Amino acid sequence: MSALTKAKGFKKSKAGTYLSIGTTAFGALGVLKQVKAARAEHDTLRLIDAAITGAALVTGIALLVRELKRLGDDDVLFG
């Protein structure tokens, strides 16, 4: 089995999906910093950019949670 095949398999695994959720959530820290800086500078355009980026992060996490459900996760939190 090649390394590329293993990587593709990990990406579709529960562990890979959890890792993706974590890294996506970690991106929220950058958005929070951007919001703080935009507010301090009264920069409306940067604030709008941060809001759109934040919405993209929320959507990405929702898609990953849906993928976990499709993988048949038995976690109590997901019902």
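Tutor: Buried means under 20% relative accessible area, exposed means over 50%, and partly exposed lies in between (1.4 Å probe, protein chains only). This is a predicted model, in which local features need pLDDT of at least 70, side-chain atom pairs count only at pLDDT 80 or more, and totals for chains, interfaces and linings use all residues. Residues are numbered from 1 along each chain as its sequence is written, and side-chain values use heavy atoms, with hydrogens and water left out.

Student: Which residues of α3 are called buried?

Tutor: Ala 50, Gly 54, Leu 57, Leu 64 and Leu 68 are the buried residues of α3. Their cover includes α2.

Student: What makes a stretch a helix or a strand here?

Tutor: The protein chain has three helices and zero strands. Its pattern along the sequence is α-α-α. Of its 79 residues, 16% count as buried.

Student: How does the span of α2 compare with the expected one?

Tutor: The expected span is 1.5 Å times one less than the number of residues. Helix α2, residues 14–41, has 28 residues, for which 40 Å is expected. From first C-alpha to last, α2 reaches 41 Å, which is close.

Student: And what of the span of α3?

Tutor: With 27 residues, α3 should span 39 Å, and its end C-alpha atoms are 39 Å apart, so the two agree.

Student: Why are α2 and α3 called roughly antiparallel?

Tutor: Start with the angle. Axes are lines fitted to C-alpha atoms, for helices over the stretch in contact, and angles between N-to-C directions run from 0 to 180 degrees. Under 35 degrees counts as roughly parallel, over 145 as roughly antiparallel, 65 to 115 as roughly perpendicular, and the rest as oblique. α2 and α3 (residues 44–70) pack at about 165 degrees, with axes 9 Å apart. The pair is therefore roughly antiparallel. The residues of this contact divide into 15 nonpolar, seven polar and six charged. Here Ala, Val, Leu, Ile, Met, Phe, Trp, Tyr, Cys and Pro count as nonpolar, Asp, Glu, Lys and Arg as charged, and the others, Gly among them, as polar.

Student: Why is Gly 27 called partly exposed?

Tutor: Gly 27 lies in helix α2. Its relative accessibility is 29%, so Gly 27 counts as partly exposed. Ser 20, also placed in helix α2, has 27% and therefore counts as partly exposed.

Student: What makes Gln 34 buried?

Tutor: Its relative accessible area is 19%, so Gln 34 is buried. Other buried residues of α2 include Ile 21, Val 31 and Ala 38. Contact means heavy atoms within 4.5 Å. Leaving aside neighbours within four places in sequence, Gln 34 is in contact with Arg 46, Asp 49 and Ala 50.

Student: Where does His 42 lie, and is His 42 buried or exposed?

Tutor: His 42 is in the loop between α2 and α3. At 71% relative accessibility, His 42 counts as exposed.

Student: What sets the phi of His 42 apart?

Tutor: Phi is near 55 degrees, a positive value in a residue other than glycine.

Definitions and conventions: Helix = DSSP H or I, 4+ residues; strand = E, 2+ residues; numbered from the N terminus.
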